[in-house]
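Subject: Structure handover

Hello,

Here is the structure we spoke about, for you to look through. My notes follow below it.

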Amino acid sequence: METIDSFGIPFQINDVNGDLIFPKGIEPEGVKEKRIPEMKQLLFDDSNLPDKCAYKFYANIFTPKYKEVFQKYGYTNGITAITPERVNGECLKNSGHYHMSHQNEAVPYMECYEVLKGKAAFLLQKSTRLSDDKPLVIEDCVVVIMKEKDKLIVPPHYAHCAVNIGEGPMLFGNLAAPCPLNYEPIQHHHGFFTYVLDLSGERLFVQNQTYQNLPKIRVIHAKESPKHGMTRALSLNDSFIKNPEKFRYLNDPECYIEEIETLLEG
């Protein structure tokens, strides 16, 4: 079994079913599986879907030391494992969502991600206003290409989705302050602004035609940001435990919007 040590807590991947195995005494607080037929509303071609696992999410994985600090700040972590399956030529992804504001707060919370294994394309689309009775307006479309140890901060108002563009499983970790999530606009539009297809090893981005008047899609690579705790040298967990104050932007986003958005500049 392969051992992954880039999360701050080493774990193994079961060679048979792809499940994650954690050290004795460390168990996720929850594990959720999403199967491919459950992704029907989000896929480029939803015909003849195999009844296989699309991805699993492991929530809140703590050592005793981690748990104490995470609880003090009210943050959560987790790992998502996306299989390398291709569905009618499309690279598998997770469902993706928008973050919503807490009551009496104007700005949605941010979230941090890191790739633990494989290669990913994170799809980000910005909508500052979400309304049930008005068309979804997309103000920015970004594809962030990431490899192992790369990290990303998703700014407020950006829906986000992770796509496995590698040949094997893709695992990524997250760090966040809990907030309401909104999946409905993504489901209503049958996915994000683009689908990522695999044509004999070549990646092809195909625009989702349910969106109107999309801005030009920008493709960038993840950037380090030491002042925000985001470097390749330390895992998200270790960076947070070492200096939690660097991550204040997670639950105080209004003061940091502009500087975090600059990390998405090409």
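A definition comes before the pocket: on a 1 Å grid over the protein atoms alone, a pocket is an open set of points with protein on both sides within 12 Å along at least five of seven lines, a cavity is a set where a 1.4 Å probe fits but cannot get out, and lining residues have an atom within 4 Å of a point. Grid points are joined across faces, edges and corners, and a volume is the space filled by probe spheres set on the points.

The model is predicted, with local features needing pLDDT of at least 70 and side-chain atom pairs counting only at pLDDT 80 or more, while totals for chains, interfaces and linings use all residues. Residues are numbered from 1 along each chain as its sequence is written, and side-chain values use heavy atoms, with hydrogens and water left out.

The largest pocket has a volume of about 630 Å³. It is lined by 25 residues, of which Phe57, His97, Glu111, Leu181 and Tyr183 are the closest to its centre. Two or more lining residues come from each of strand 4 (30-35), strand 5 (53-59), strand 6 (76-82), strand 10 (111-117) and strand 15 (170-176). Strands here are DSSP runs of E with at least two residues, helices are runs of H or I with at least four, and both are numbered from the N terminus. By class, the pocket lining has 11 nonpolar, 10 polar and four charged residues (nonpolar: Ala, Val, Leu, Ile, Met, Phe, Trp, Tyr, Cys and Pro; charged: Asp, Glu, Lys and Arg; polar: the others, Gly among them).

Strand 10

Strand 10 supplies part of that lining. Seven of its seven residues are buried, so the strand is largely enclosed by the rest of the structure. Buried means under 20% relative accessible area, exposed means over 50%, and partly exposed lies in between, with a 1.4 Å probe and protein chains only. Strand 10 pairs with strand 15 in the antiparallel sense over six bridges, and four bridges join strand 10 to strand 13, also antiparallel. Two strands count as paired if DSSP finds at least two bridges between them. Glu111 has Val154 as its bridge partner in strand 13 and stands opposite Ala176 in strand 15.

Cavities

The count is four cavities of 30 Å³ or more. About 80 Å³ of space lies in the largest cavity. Its lining consists of Val144, Lys151, Leu152, Ile153, Ile220, Ala222, Lys223, Ser225, Met230, Leu263 and Leu264. These divide into eight nonpolar, one polar and two charged residues. Strand 13 (residues 151-154) has the largest share of this lining, with three residues.

Nonpolar core

A nonpolar core is a set of buried Ala, Val, Leu, Ile, Met, Phe, Trp, Tyr and Cys residues joined through side-chain atoms within 4.5 Å. The largest one has 45 residues, and Phe122, Leu123, Leu124, Val144, Leu152 and Val163 touch the most other members. At least two core residues come from each of strand 5, strand 10, strand 11 (119-126), strand 12, strand 13, strand 14 and strand 15. Strand 12 gives the most, with six residues.

Another open sheet has three strands in the order 1-2-3, with antiparallel pairing. Its edge strands are strand 1 (2-4) and strand 3 (20-21). Two bridges join strand 2 (residues 11-13) to strand 3, with Gln12 partnered by Ile21.

Backbone

Asn60 has a positive phi of about 55° although it is not a glycine. Asn60 is in the loop between strand 5 and helix 1 (64-73) and is buried, with a relative accessible area of 15%. His190, also not a glycine, has a positive phi near 60°. His190 lies in the loop between helix 2 (184-188) and strand 17 (194-199) and is partly exposed, with a relative accessible area of 25%.

Regards
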